[in-house]
Amino acid sequence: MDDISIGLAILLAVLIGIGSPIAAVFGLVLALQARRELRSLQLRLDRMEAETRAPRSPSGAISDQDPAVAPEPSPARSAQTVPPVPDEATPTAVPPIPSASQPVPPRQHLEEQIGSRWAVWVGGVALALGGIFLVRYSIEQGLLDPRTRITLGILFALALIGVGEWMRRRERSLSLPGIPSAHVPSILTAAGTCTAFASIYAAYALYGLIGPGAAFVALGLVAVLTMVASTLHGPILAALGLLGAMGSPLLVSTDRPQPWALVIYLVFVVLPAYGVARLRLWRWLALAAATGVLLWTAPIAFIDESDVLPAMVHLVFQAGLAAFFLALDPYRHVPDEEARVDWAASGALFAFACAGIVVAGSVATGDGRPVFVAAMALILLAAGVRIANAAPAAAASAALAVGALLVWPLATDIGDAPESLFFQSGDAFAVRPHALGTYLTLAALLPLAIAGASLLRLARSQSLRLPVAAWYAGAASVGPLLALVVAYWRVTEFERSLSFALVAGVLALAFMLVSQWLMRHGSEEDGAIRLGLGATASAALGAVALGLTFALEKGMLTVALALTALGTAWVANRIALPALRHAVGAIGLVVLGRLIWDPTIVGGDPGPVIFNWILWGYGVPAVSFWLASRLLERTGRDRIVQFTESLGIVFAAFLVFFEIRHALHAGNPLAADFSLVEAGLVATQSLAFAILLTRMDFRRPDPVYRWGSLIFKVASFSLSTVGLLVIENPLLTNDPIAGGVLFNSLILAYLLPSVVAALLAFVERNARPASYALASAILSLLLQWAYVALEIRRIFQGPRLGFFRGGFAQGEQWSYSVALLVIGIALLAYGILRDSRFARIASAVYLVFAVLKVFIIDLSNLEGVMRALSFIGLGLVLIGIGFVYQRFLVRQPGNAAIS
C-alpha cells in the first residue's frame, strides 16, 4: 500500500505540474482574445469616424470618387487594418488572394513566431514525450503495476485527444491572431495519438497484457482514428503522429525485444499514413512513411542475428505497400505518352532493393533466400512494368537480382568454393550440390523473367518517351549480362569455363531473336522500339564477347573482343542503329582495360621477338578498331568514330612500344630498367607517329590527328632532351656502347631519331605553324651533333665514353673541329641547293662554333701540326664560304626565301 500511495502522490504531482502550464496557456488564449476584440472595436470606431467626415453629394450620399484619383490611405491607417481571419477549421482551404482594395497581412516578427507558433509546436512534442517518459519512469521505479501504467497512459492519451477535438470545434472563438499555421488542436491530438500508440505497444510487447489479436485491433483502431483526425486537423497531426509512432519502440524499451511484434506494429503504423496520404494527396507523408519503415529494417535484422526471417517479411510487405501507394495507385490512370519518371517514388523503391540486397547477403537468411529475393524482385518489377512513371523500378528489380547473386554466401552454403558449373570429373552433366543448383537456377530464371517482362512492356506501348523507355531497355539488356558475369565470377573465380561460354552463346542467340522480333513487330518511327532494338542487339554482341571471355585464354580473349568490335561496327553500318555505335566504343574500353590489367597479354613471356602474343594482342585490336572507325564513318564522323580511331592509334603505339621493350629486355616487357637504345627507339617511334598523324591532319583536319600528333611530338621531345641528352647520356653514365666502332648503339639512340625529326620538320612546313617545324629541325640538329660527337669519342676512347674517365687526345679535339666544319659546309650546300634560309643559318651556327673552338680550345690545347692544320682548314673553309656567297647568293634576287 505504501508503494501505491507513493505512486499516486507522484502521479498527482505530475498531473498538477502538467495542469498548471495548461491553465496558463488557456489564460494566455483568453487574454489574447480579449485584446483582439478590443482592437477590432477600435478599428470599427475609426472607420465610422472616417465615414462621417467624408464629403457628401447633394443628394446626401457619399460621393463616389474615381479610383484612379482616389487618395491613398495613410500608412498609419493602413497598418491598423486587420484582414479577415481565415477559417482554420478547414486546413486545406486556400486563403483568398487580397485584392488591391484589401490590406496585405502584416509580416510576423521573430518574437511573434517564437511566442505564438514555435512554442505551440514544441509544446505538442513535449506533451507526447511526457506521456511516453511517464510510462518509462514508472517502469524504472517499479511504482505501479503494468495494468495501472497502461491504463494511465490510455487515459492521458484520451484526455489529450479530447481537448484537441474540443478546441477544434471552438477554434473560431478561440483562434489566435496571426498564427494560422500553429494549429493547437492538431498538435494536442497528435500528442495523444503518440501516447496511445506507445501504451498499446507496451501492453502487447512488454507486459503481455493483450494478445496479438487484441494488439492488432487496438493498433488498427488508433491508426484509423489518427487517419480520420489528421484529415480534420491538417498535416501537422499526420507528421507528428507518424514521427511519434515510428519513434515509440525506441523510447519504450525492453530486455527481451520481439522482432515479430515490431514487424506487425510497423505494418499497422504505415497503413494509416498511406491512407491519409492518398485521401489528402499528401505525397510527402507517403514518402516519409516509406523512409521510416526502411530505417527500421536494420534494427529488425539485428535483434536476432541468427534469424532474419522477420526482416525478410518486413521488407516484402513494406515494399508491396510502397509500390502500391507510391506508384500503382497514384499513376494508374496516367497514359504512357504523358508519363514522366517520378524520381522520388523510384528512389524509394530502389532503396528497398538495396535493403533487400543487404538482407540477402546475411548467412542467417538460409533456404528462404531465393524466395525472398524473388518476391522482392517481382514486387518491384510489377510496379515498374505496370506504371511507366515508375519505370526505374524495373531496373531496380534487375539490380536486386544481380546484387543478391553477388553477395550470396555461396561458399558457406556448399562448404567449399566451386570449380565450375558442372563437375570437372566424371559425368559432364552431373550437377553440383543442391545449394549451388539453387543459386544457378535463380541466376538463370530471375534475370530472364525481368528482361522478358521489360521487353514486353517496351513493345506493348509505342508511345513511351525515350527517358522512360531507356529504363526498360536497360533492365532487359544489362540485367542478364551482369547476372551472367556475377555468376561466372562466384562459381568459377574467373577460370576458363566452357559451360558458362555455352550459356553466354545461348543468351546471345536469344537476344538476336528478340531483336528480329522487335524489327518485325515494331515501327521504324517509334523511338522506344528503336531503342529496344539497339539495346538487344548490343546485348547480343556483349553476350558473344562474354562467351569468348569464358572460353578463351588470356591472349585469344583480347583478339576475340577486338574482332567482336569490328563485327559490331559492320552490323551498325548495315542496320544503322545508334546504340551499336556506342557498343563499339564500350567494347574498346573493355579491351583497353584488359590490356592495362595485363600488358603482356599472357601474364608472362609473350614469346619470341616480333612474332609473339604482343603482336596479336595489340596488333589485331589496332587494325580492328581502325577498320571499325572507317566503317562507322560512312554514316557520319561523330565522337564515337573519333574515339574508335583514337583507340586504334593507341593500340598501335602500345604495340611498337612493348615490342621494343620485349626485344631489349630478354622477353620481359615490364622490366624496371631503361636503356639508351630504348630511349632512342621510343623517341623514334613517337616521332614516326607524329609524322603519320601530321600528314593525316594535313589531308583531312581533325582533332584526333591534331592532338595526337602534338602528344607524340611532346613525348619525343621529352625523351630526347631529358632521356638521351641528360639521363642516359653515355658521357654522364659511362655505360658501355654496344657494337663496333662505327656500327653501334649510337646509331639507334641518336642518329635514327635525328633523321626522323628532320623528316617531321619537313612534313610540318606546310601543315603546321613555322614554330613547329623550327622546333623539330632544332631537335634534329641537336641529336645529329650528339651522334657525331659521341661517335668521335667512341673512336678515340673505346666503348666507355665517360666525361671524367680520361682527357681529350689531340686527334679527338681536332676531329671535333673538322666535324663542325664538315657539317656546316653540308648544311650550307643544302641551303643553297634547296634555297633554304634555315639550313644556311644553321650552317652559320656550326661555323661560328668551329671558329670559337679553333681560336679558343685548339689554340691552347693543340700543338705542332695539329694546331696548324686546324687553322689552315678553318681559313680555307671560311674563304670558300665567302666565295660561294659572292658567286651564288648575292647575285640571286629574292634569296631570302625560307623553306
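**Close-up views of a predicted model**

**View 1. The second largest pocket holds about 1300 Å³ of space.** Its lining counts 37 residues, and Val485, Ala545, Leu546, Thr549 and Val590 are the closest to its centre. The model shown here and in the views below is predicted.

View 2. By class, the lining of the pocket divides into 24 nonpolar, seven polar and six charged residues.

**View 3. Helices H13 and H15 pack at an angle of about 15°.** Two packed helices are described by the angle between their axes and the distance between the axes. H13 spans residues 343-360, and H15 spans residues 392-407. Their axes lie 9 Å apart. Angles under 35 degrees count as roughly parallel, so H13 and H15 are roughly parallel to each other. The crossing of the two helices is right-handed.

**View 4. The contact of H13 with H15, residue by residue.** From H13 come Ser346, Leu349, Phe350, Ala353, Gly356, Ile357 and Ala360. They meet Pro392, Ala393, Ala396, Ala399, Leu400, Gly403, Ala404 and Val407 of H15. This contact has 12 nonpolar and three polar residues. Charged residues are absent from it.

**View 5. The second largest cavity has a volume of about 120 Å³.** Rolling a probe the size of a water molecule over the atoms shows where empty space is left. The model has four cavities of 30 Å³ or more. For the second largest cavity, 14 residues form the lining. Closest to the centre of this cavity are Thr226, Gly241, Leu242, Pro272 and Ala273.

**View 6. Helices H7, H8 and H9 each give two or more residues to the lining of the second largest cavity.** H7 covers 212-233, H8 covers 235-251 and H9 covers 259-280. H8 gives the most, with five residues. The lining of this cavity has 11 nonpolar and three polar residues. No charged residue takes part in the lining of the second largest cavity, whereas six charged residues belong to the lining of the second largest pocket.

Technical notes
Residues numbered from 1 in each chain as written. Predicted model: local features only at pLDDT ≥ 70, side-chain atom pairs only at ≥ 80, totals over all residues. Heavy atoms only, no water. 1 Å grid on protein atoms, 1.4 Å probe; cavity = no way out; pocket = protein on both sides within 12 Å on 5 of 7 lines; lining within 4 Å. Points joined across faces, edges and corners; volume = space filled by probe spheres on them. Nonpolar A, V, L, I, M, F, W, Y, C, P; charged D, E, K, R; others polar. Axes fitted to C-alpha atoms, helices over the stretch in contact; angles between N-to-C directions. Helix = DSSP H or I, 4+ residues; strand = E, 2+ residues; numbered from the N terminus. Parallel < 35°, antiparallel > 145°, perpendicular 65-115°, else oblique. Left-handed = near helix turned anticlockwise from the far one by under 90°. Contact = heavy atoms within 4.5 Å.
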